[in-house]
Amino acid sequence: MILSCQNIALSFGEKEVLKKINFNIEEKDKVAIIGINGAGKTTLLNVILGKLNPDSGNVVMASDVRVGYLAQNQDVLFESTVYEEMQRAKQYILDIEKRLRELEKEMNDLSGDELEKALSLYNTLQTKYDRDNGYAYESEIQGVLSGLGFGKEDYGRHINTLSGGQKMRIALGRLLLEKPDLIILDEPTNHLDISSLAWLEGFLSSYPGAVMVVSHDRYFIDKISNKIIEIDQGVSTVFKGSYAFYSEEKKKIREAKVRAYLNQQATIKHEQEVITKLKSFNREKSIKRAESREKMLDKIEVLEKPTEVRTDMRLSLTPNVESGEDVLLAEHISKSFGSTVLFDDITIDIKRSEHVALIGANGTGKTTILKIINRLIPKDGGSIKLGSRVKIGYFDQEHKNLSMDKTIFEELSDAFPDLGNTKIRSILAAFLFTGEDVFKKIGDLSGGEQGRVSLAKLMLSPANLLILDEPTNHLDIQSKEILEEALRNYTGTVLYVSHDRYFVNSTATRIIELRNQVLTNYIGNYDFFEEHRDEYYRIQHGSEVEEEKTVEENPKEGSKEKYLADKKLQAAIRKRQSELKRTEEEIDSTEAKINEIDEEMSLPENGTNTSLLTELSAKREELSEHLMSLYQKWEELEEES
């Protein structure tokens, strides 16, 4: 055990944030701390790190444990280039290397005891250098930088010229290179694109030390964790397993808690009614009985109302008007900023009821595409056509559709005056705004809270084409699940940009990847995309077959014709895979038949039956020839695959 939290409790004024936190972390544990926004996750990290003192309880850390911490929104100040900053994490290796070179020179002039002493120090330093993989520190640095999305052309860039997200990635990279015994990360996925996320998952999964993360990224949690610690109403619950395991177990626990709470409330209500009735008799005996029951009632440990009883609500979304079959056709779209070409001659064709996720690395132009479709920024070339009866509802990351001086309730009631108070409150409750929360001013809300208001407003709109830019940013897991269910059941059309792979996997029917200035289509969810990513990219943009086609036969990348051609290619792949499977099954069957003939021919009673042996031999030869042709066919299909 390297860390133990024992009965941690902490309040801020009258607000009890942490009540009963208990868990242990072992040397190689990969732990995810989860809970709704405001549950106290970051507060708990600050207690563990010694930045806050608990009101009661203890944090016990094993001796000599090195802890590395990356905050969610820390101020990152640098005075160096990208590569120099990474080298700082390995400064002790550089110091050892320098001292080894110095000792090598010094030992040329030493003898006797002085030489022995220098040799002993040299061997000690060399052992440490070898143990800490000193010879490979440069490749380690390059691997981490590459994994976090930095190329060699970035090595010499001064860090202060980078964006805030890039600076946070540098801070993360430096921490990973330092290799502490316990890595603590607060929302580490916020500034990473999909490829960087996949790299970080692999790095942390195989990390030899312990890892503790606070995250709302369920796909990320599922990939790396072997232990989930949920904080709910200030109390911790430990689940040993991945997020998928936690999710199933949580449902069972939630149902049990709700039943226990409702049963206890019914019991308390019944007792109170009996006490009131006994008192109403106004007799000494009945009053004593009432007082006795009151004492018993006072001794009951009242269960807290489970969070889910208040917030486990769901939305039912149906467009007011159904659009035509053709919803959106953006043809031959191009966009550049100065000399930087984001994309050129791309086409997006979306049909009714499709739920399309537009994904790709940071900076490739995904948000730009959404803004062009919404006519918020001009395109350099191409055309955009909306189908009949299409009405767009747009969610942007900056929440420009909100009035900062209005309350949450006013924002919705002014936008939708026909809705009654009860309907508005129900919608807001589904997005976790209840009671007096609905009268908070928009300008006083956090970014995540403003995002929830924007989504609530969007869901009430008469739109039948929802265009969403990072709709899950700053949402906690519960809010994401509400949105996911709403979109899964939504009969309209959806186009969205998201880095949340769990969300994409749950809601997308088609994925469009923007990579290297071209679009690649994948008919399926994120798991399908992950499995076929490079294969489909190669088929749609770089296969030898396509390169051999003439200009007339080979439609332009990203065009409507190209999209239709891609669909045919994908169908051909599935057909080839199916044929390969059938061939393998036929090979197995033919080999089994040959084995049966061999067994029959080897039976003693058939040894003198010439006619039977001749017949069996002929069948075997025929099957053997067929088997050879199957092997050849299988080899050809394998090569094509």
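**Cavities, strands and helices**

Analyst: Leu70, Ala71, Gln72, Met168, Arg169, Leu172, Asp186, Glu187, Pro188, His191 and Leu192 line the largest cavity. Keep in mind that this is a predicted model.

User: What volume does the largest cavity have?

Analyst: Its volume is about 60 Å³.

User: And how many cavities of 30 Å³ or more are there?

Analyst: The count is four.

User: Which helix gives the largest share of the lining of the largest cavity?

Analyst: Helix 6, residues 164-178. Three lining residues come from helix 6.

User: What classes do the lining residues fall into?

Analyst: Six are nonpolar, two are polar and three are charged.

User: OK, new topic: strands. How do strand 10 and strand 11 pair?

Analyst: They pair in the antiparallel sense, over eight bridges. Strand 10 covers residues 326-337 and strand 11 covers residues 340-351. Ser336, for example, stands opposite Val341 in strand 11.

User: What sits between strand 10 and strand 11?

Analyst: Two residues, and the two strands form a hairpin. Gly338 is in the turn, with a positive phi of about 65°.

User: Which way does strand 13 run against strand 10?

Analyst: Strand 13, residues 381-386, runs antiparallel to strand 10. Five bridges join them. In one of these pairs, Leu328 has Leu386 in strand 13 as its bridge partner.

User: Are strand 14 and strand 15 parallel or antiparallel?

Analyst: Parallel, over four bridges. Strand 15 is residues 465-469. Gly393 stands opposite Leu466 in strand 15.

User: Where do side chains point in a strand?

Analyst: In a regular strand they alternate between the two faces of the sheet.

User: Last one, helices. At what angle do helix 2 and helix 5 pack?

Analyst: About 125°, with their axes 10 Å apart. Helix 2 is residues 82-89 and helix 5 is residues 137-147.

User: Why are helix 2 and helix 5 called oblique?

Analyst: Over 145 degrees would count as roughly antiparallel, and 65 to 115 as roughly perpendicular. Their angle is about 125°, so helix 2 and helix 5 are oblique to each other.

User: Is their crossing left-handed or right-handed?

Analyst: The crossing of helix 2 and helix 5 is right-handed.

Definitions and conventions:
Residues numbered from 1 in each chain as written. Predicted model: local features only at pLDDT ≥ 70, side-chain atom pairs only at ≥ 80, totals over all residues. Heavy atoms only, no water. Pairing = 2+ DSSP bridges. 1 Å grid on protein atoms, 1.4 Å probe; cavity = no way out; pocket = protein on both sides within 12 Å on 5 of 7 lines; lining within 4 Å. Points joined across faces, edges and corners; volume = space filled by probe spheres on them. Nonpolar A, V, L, I, M, F, W, Y, C, P; charged D, E, K, R; others polar. Axes fitted to C-alpha atoms, helices over the stretch in contact; angles between N-to-C directions. Parallel < 35°, antiparallel > 145°, perpendicular 65-115°, else oblique. Left-handed = near helix turned anticlockwise from the far one by under 90°.
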